[in-house]
Each structure stands twice: as C-alpha cells, then as structure tokens.
Amino acid sequence: MNECERCIEILYKERFGQLISLILQRFRQMPIDCAEDIVQETFTAAALHWPKTGIPENPSGWLYQTCKNKSINLLKKNAKTVDLSLAKTASVAADEISEDGFKDAQLRMLMACCHPHLTPKTQIVLALKYVFNLKIENIALLFGAEPDAIEKMLYRARQKIKSEALILSTGLYGYSLERLSVMHKIIYLIFSEGYKQSGEKISQGKILCEDALMLNKYLFDSPLCNPETKALQALMLFNVARFDARFDAQGNTVELEYQDRTLWDQSLIQLASFLLTESEDAVFSPYHLEAAISCVHCTAHKFEDTDWGAVCKYYDVLLKVYPSPFAEINYAVALQYNHQNDKAFRILMDLHRNPYFNKLPILEQTIRKYFERSLKSKVLSPKS
C-alpha cells in the first residue's frame, strides 16, 4: 500500500460519517442514503485523482468541497430549488473544514442517531454505521446477526427517516438536554461491545473501544459536558488501562485475579481517578458507580488487596437504582470474596430460577466458579 492509499484509508475511517453529517447539515432535505452515496463517490474520486495530482494540501477540505459540489449537482438534477439556492449562497466556511468542525460534525451525527422516534437497537446500528464507520459485516458480527438482517434494519431506518421527515441534521446543542443521556448510553454500549471481544476480534474490539473513548472526549471538551460525561470517561479509561493484560499470547481471556498488573497503564488509571473525583455530583449515574468499582480494582496492588467491602457497597447502591442481572452476577462474586457466601449463593440461585436469565453463559460460568472457590477455600456451600 503506497502513501496515497494509506492516506485515503485513514481519511475514510475518520471522515466518512463526519462528511455525511456535514452534507446533511448543509442540505437539510438530502436523504441520508444519497449523502452516503455522495461520500462514497468522493472517496472513489480521490482514489482516482490523488495518485496523479498528489495528495492535496488540505485533503479533508478537498473531500468536503467535492462532496458539496456533488450535492449541488444532485440538487440541480432533482430540481431541489430551495436547497440549491442556499447552497449557492453559502460558501464553505473555514470552521466547517477545521478539525473542530469535523469533531462537531461527528457529535451532530451521534446526536442525530439518538432520535427518539428510532428504537434503541436502530440507534446503535445507525451509530455504528455512520458515526463509527463500521462495515455491515462487522456490525453483524457484533450483534451475532446475518449481514442481510443489518442491511434490512438500515433500509427500514432510512425509510422511516424519509417517511416521517425526521431531522438528522441538527445543530450540536439543539437537543442536548433531550439526547445527551442517550448519547452516553450508545457510546458506552459500543465501548462494551468492543471490550468484550476476544480471540481474532481483539484488535477490532480495541479500535472500537478507542473510538468510543475519543468520541466521548469530544463531548468532554464541548459545552455539553456534564458530570455523567466525566464519569463515563473515567470508567472507560479504567477499563482501557487493563486492556492488554486481559489476554494471553493466544488471545484467551485472562481473569482479573490472574492478570499481570505490571501491564496496567498507570497513567490512564491516574487520569481516570482524577476524572472520577471531578465528576462528583449530587446525583450519581450508573457510570459513577461502575467507575468507582473499577477504581477499587485498578488501585489494588494485588488481587488480595482488593477492598471487597467497598465493591459490595457500590454494587448494592447500583442495583437499587439501576437493576441489572449482569450487575447482580458481579455483586454475587464480590460478596463471595467478601466472605458473604450465603448471600452470594441466594442471588445466583434466584437468577438461575429465572427463565429469562438462567440461559446466560456468564451465569453458568459464575455458578461453577462459585463452587470451585468454595471448595478451594474449604467452605461448605449452602444447600439448595
């Protein structure tokens, strides 16, 4: 791969969704699929022309100007006179093609994907496609679905956006109060999807985690930032700090107890601890509580030094405010390490008797390990 091809590949990953957002912002009636086609055509044009003419001095600006010209040509063809009039009188402003302009465009696209008329799953798929620029095949892998199913979901979403005239080109701060919490949720869900990848998907998972972290950093640096944004950033940093220690040379997952803590990134842990302190607020979000739990783990020099009492306290509060079977499973593990075996066992058995949760692989693994730890510590498990 030569320098020109590498440049285009990097720009495609970084700018694809941002360019779509800029087009939708400039041409309000442009269908999202048309905007996507225009961006694809622009990158094809770059691949054809740049090897002959050289990489432009401002490649991002070249891409945006080309997208704008192609949009105007399409509007002329379709006689969209109102949009065309606006496009002719509005030149490309310098701040639109600055680094901050592209960051704002990415945040606008994320906010657009959080439209309340779209289902949560559709919001995530749209964000994966147009914000994180994942291929259909990779989105399908994350959801354990067939690529055709994701294609159909995106098609239905585009049809809904068109038929209901949903506005996907919004000002960055127009719906901040309404959608900021949803934006946080999508960023963390996508981070979590990347974090749980193992085996051959580790590298893809790490990239997804880094992209989610960077996008939340854009939020962090914007006027939209609130205590929840800071807590989410802290939580993701705590987790990313341990990323390389979570797998062995063969790509197998290494449990927390057996991780080499010298591989943990202490600078990220210190930054996360600082942000967690900075995020203190009258109301704690789930990110505050999960970050506090991660902080306990990350600041313990050895697994045996873990303050399991504090971990249990945080999980107890988390479950009262934000109940989740996965949090309950982790709570049960913390309780056993805190020598509260009976309570841990009752939680696991209650989940096991629930027809909605008893098929969860993580629950079966946790129950098995509960008995292994009980036998290892020579503690008799209670009778069921």
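Visitor: In this predicted model, is Asn133 buried or exposed?
Guide: The model is predicted, and Asn133 sits in the loop between H6 and helix H7 (136-143). Buried means under 20% relative accessible area. The relative accessible area of Asn133 is 14%, so Asn133 is buried.

Visitor: What is the phi of Asn133?
Guide: Asn133 belongs to the loop that runs between H6 and H7. The residue is not a glycine, yet its phi is positive. The value for Asn133 is near 55 degrees.

Visitor: Where is His339, and is it buried or exposed?
Guide: His339 has a positive phi of about 65 degrees, although it is not a glycine. His339 is placed in the loop between helix H15 (325-337) and helix H16 (341-353). Exposed means over 50% relative accessible area. With 70% relative accessibility, His339 counts as exposed.

Visitor: How are H5 and H6 oriented to each other?
Guide: Helix H5 spans residues 99-113 and helix H6 spans residues 120-130, and their axes are 9 Å apart. The angle between them is about 155 degrees, and angles over 145 count as roughly antiparallel. The crossing of H5 and H6 is right-handed. H5 and H6 are therefore roughly antiparallel.

Visitor: How many residues in the contact of H5 with H6 are charged?
Guide: On the H5 side the contact holds Met109, Leu110 and Cys113, and on the H6 side Gln123, Leu126, Ala127 and Tyr130. These residues divide into 6 nonpolar and 1 polar. The number of charged residues in this contact of H5 with H6 is given as no charged.

Visitor: How are H1 and H5 oriented to each other?
Guide: The axes of helix H1 (residues 3-26) and H5 come within 8 Å. They cross at roughly 80 degrees, and angles from 65 to 115 count as roughly perpendicular. H1 and H5 are therefore roughly perpendicular.

Visitor: How many residues in the contact of H1 with H5 are charged?
Guide: Residues of H1 in this contact include Arg15, Leu19 and Leu22, and those of H5 include Glu99, Lys103 and Arg108. The contact residues of H1 with H5 divide into 7 nonpolar and 5 polar, and the charged ones number 4.

Visitor: Is Arg108 buried or exposed?
Guide: Arg108 lies in helix H5 and is one of the residues that meet H1. From Arg108 to Val317 the separation is 209 residues in sequence and 34 Å in space, C-alpha to C-alpha. The relative accessible area of Arg108 is 12%, so Arg108 is buried.

Visitor: How far apart in space are Glu3 and Ile55?
Guide: Glu3 is in helix H1 and counts as exposed at 58% relative accessibility. In sequence, Glu3 and Ile55 are 52 residues apart. In space, C-alpha to C-alpha, Glu3 and Ile55 are 9.0 Å apart.

Visitor: How many disulfides does the structure hold?
Guide: Cys225 counts as partly exposed at 23% relative accessibility. The sulfur of Cys225 is 16 Å from the closest cysteine sulfur, in Cys114, and so too far for a bond. For the structure, the number of disulfides is 0.

Conventions. Residues are numbered from 1 along each chain as its sequence is written. This is a predicted model: local features need pLDDT of at least 70, side-chain atom pairs count only at pLDDT 80 or more; totals for chains, interfaces and linings use all residues. Side-chain values use heavy atoms; hydrogens and water are left out. Axes are lines fitted to C-alpha atoms, for helices over the stretch in contact, and angles run from 0 to 180 degrees between N-to-C directions. Helices (H or I, at least four residues) and strands (E, at least two) are DSSP runs, numbered from the N terminus. Angles under 35 degrees count as roughly parallel, over 145 as roughly antiparallel, 65 to 115 as roughly perpendicular and the rest as oblique. A crossing is left-handed if the near helix is turned anticlockwise from the far one by less than a right angle, and right-handed if clockwise. Contact means heavy atoms within 4.5 Å. Ala, Val, Leu, Ile, Met, Phe, Trp, Tyr, Cys and Pro count as nonpolar, Asp, Glu, Lys and Arg as charged, and the others, Gly among them, as polar. Buried means under 20% relative accessible area, exposed over 50%, partly exposed in between (1.4 Å probe, protein chains only). A disulfide is a pair of cysteine sulfur atoms within 2.5 Å.
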